[in-house]
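I opened a new notebook page for this chain.

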Amino acid sequence: MRSEESLKQKSNQRLNAEHRCAYSSSIYMHQRSLEMEDKRRVLPNYIEKVQNDISINMREILVDWLVEVLDEYKLVSDTLYLTISYVDRFLSSHALSKNKLQLLGVSCMLIASKYEEIGPPHVEDFCYITDNTYRKDEVVEMEEEVLKFFNYEMSSPTTKTFLRLFIRVIQGNYNKSDLHFEFLSCYLAELSLLDYGCLRYLPSVVAASAIFLSRFMIQPEIHPWSRALQSFSGYKPSNLKKCVLAIHDLHMNRKEAL
């Protein structure tokens with residue numbers, strides 16, 4: 001009797017897993033189609049092509065500072081990814097003076113936090129975090145400009161979106177998790193946010209590359225890209241090679257700097 005119940009339970013678990021996999025696959029394909037849309041794509045060389053007063057180093061300083069703001073207000077990482085996506089996409093079409101770059105950053109984080117957070121910070125909080133360099137009306141005005149540019153369509157897949165889906169595929173059984181692997185994957189993905197060169201890669205490619213590299217670092221004796229990941233993502237290891245090497249270089253440079 002117990003054997004029959006055990007077999008039935010295992011059968012139900014397998015069916016549920018297959019259902020979840022099919023559901024995740026549908027979500028993934030939808031997100032992939034969204035990231036390919038022109039209106040959601042970043043111009044990978046916008047600093048050279050569009051900007052006259054902003055440098056690559058200034059962008060890196062802004063992103064690094066936004067990470068500190070995220071920590072200060074205890075915001076979720078999805079807010080950071082969405083913020084930087086807004087910043088890069090806006091700068092891909094609008095030449096901005098360097099004295100307004102931080103203003104754009106806080107305004108984009110204000111919008112992203114309203115989208116992602118349960119209790120987002122107020123406009124005054126973002127003014128305060130800039131040592132009141134910008135007034136409330138300036139932040140609100142920039143917020144409105146960004147919203148109009150995106151036509152109020154603020155949802156967009158980010159590297160974090162795809163990272164979450166790939167981790168589910170690897171875990172298989174959602175009752176189990178490898179925190180070491182998850183944290184390392186998230187860390188490597190976040191390193192890519194700082195690097196202007198990573199804008200040439202789609203968010204799904206960056207996420208897949210972070211997964212690939214973290215698996216290799218944890219278990220180098222096992223091939224990091226399984227058939228399940230290749231089938232789910234549509235990416236072969238050769239498709240990820242350049243991005244994996246770029247993230248690996250970022251990791252090594254950051255490790256040497258510590």
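**Entry 1: helix 4 against helix 8**

I started with a helix pair. The axes of helix 4 (residues 77-91) and helix 8 cross at roughly 135 degrees and come within 8 Å. The model is predicted, so I read every value as computed from that prediction. Angles from 65 to 115 degrees would count as roughly perpendicular, and over 145 as roughly antiparallel. The crossing of about 135 degrees therefore makes helix 4 oblique to helix 8.

Next I listed who touches whom. Helix 4 brings Ser77, Asp78 and Tyr81, and helix 8 brings Thr159, Lys160 and Arg164. I sorted this contact by class: three charged residues, two polar and one nonpolar.

**Entry 2: helix 5 against helix 7**

I moved to a second pair. Helix 5 covers residues 101-116, and helix 7 covers residues 136-149. Their axes lie 9 Å apart and the packing angle is about 70 degrees. Since 65 to 115 degrees counts as roughly perpendicular, helix 5 is roughly perpendicular to helix 7. I also noted the hand: helix 5 passes helix 7 in a right-handed crossing.

Which residues make the contact between helix 5 and helix 7? From helix 5 I get Leu103, Leu104, Val106, Ser107, Cys108, Leu110, Ile111 and Lys114. From helix 7 I get Glu138, Val139, Met142, Glu143, Val146 and Leu147.

**Entry 3: the whole chain**

I stepped back for the totals. The chain has twelve helices and zero strands. Read from the N terminus, the order of elements is α-α-α-α-α-α-α-α-α-α-α-α. Of the 258 residues, 45% are buried. Residues 24 or more positions apart account for 77% of them.

**Entry 4: the nonpolar core**

In soluble globular proteins, nonpolar side chains tend to be buried together. I looked for the largest nonpolar core here and found 78 residues in it. Which of them touch the most other members? They are Leu104 and Phe166. Helix 5 gives the most to this core, with nine residues. Leu104 had already turned up in the contact of helix 5 with helix 7.

I then looked up the neighbours of Phe166, leaving out residues up to four places away in sequence. Phe166 touches Tyr28, Ser204, Ala207, Ala208, Ile211, Leu229, Phe232 and Ser233.

**Entry 5: Phe232**

Phe232 was on that list, so I followed it. Phe232 is in helix 11 (residues 227-233). Is Phe232 buried or exposed? The relative accessible area is 8%, under the 20% cut-off, so Phe232 is buried.

Phe232 and Ser25 are 207 residues apart along the chain, yet their C-alpha atoms are separated by 6.6 Å. Beyond four places in sequence, Phe232 touches Ser24, Ser25, Tyr28, Leu165, Phe166 and Val169. Tyr28 is also in contact with Phe166.

**Entry 6: two residues of helix 9**

I picked Leu184 and Ser192. Helix 9 spans residues 179-194 and holds Ser192. Leu184 lies in helix 9 as well.

Leu184 has a relative accessible area of 14%, which counts as buried. Between Leu184 and Ile218 I read 9.0 Å, C-alpha to C-alpha, for 34 residues of sequence. Leu184 touches Ser214, Met217 and Ile218, not counting residues up to four places away.

Ser192 is buried too, at 7%. With the same exclusion, Ser192 touches Cys198, Val206 and Leu250.

**Entry 7: positive phi**

Last, I checked backbone angles in two loops. Where does Asp131 sit? Asp131 is in the loop between helix 6 (123-129) and helix 7. Its phi is near 60 degrees, a positive value in a residue other than glycine. With a relative accessible area of 68%, Asp131 is exposed.

Asn151 sits in the loop between helix 7 and helix 8 (159-171). Phi of Asn151 is near 55 degrees, again positive in a non-glycine residue. Asn151 is exposed, with a relative accessible area of 51%; the cut-off for exposed is over 50%.

How values were computed:
Residues numbered from 1 in each chain as written. Predicted model: local features only at pLDDT ≥ 70, side-chain atom pairs only at ≥ 80, totals over all residues. Heavy atoms only, no water. Axes fitted to C-alpha atoms, helices over the stretch in contact; angles between N-to-C directions. Helix = DSSP H or I, 4+ residues; strand = E, 2+ residues; numbered from the N terminus. Parallel < 35°, antiparallel > 145°, perpendicular 65-115°, else oblique. Left-handed = near helix turned anticlockwise from the far one by under 90°. Contact = heavy atoms within 4.5 Å. Core = buried A, V, L, I, M, F, W, Y, C linked by side-chain atoms within 4.5 Å. Buried < 20%, exposed > 50% of the residue type's maximum accessible area, 1.4 Å probe, protein only. Nonpolar A, V, L, I, M, F, W, Y, C, P; charged D, E, K, R; others polar.
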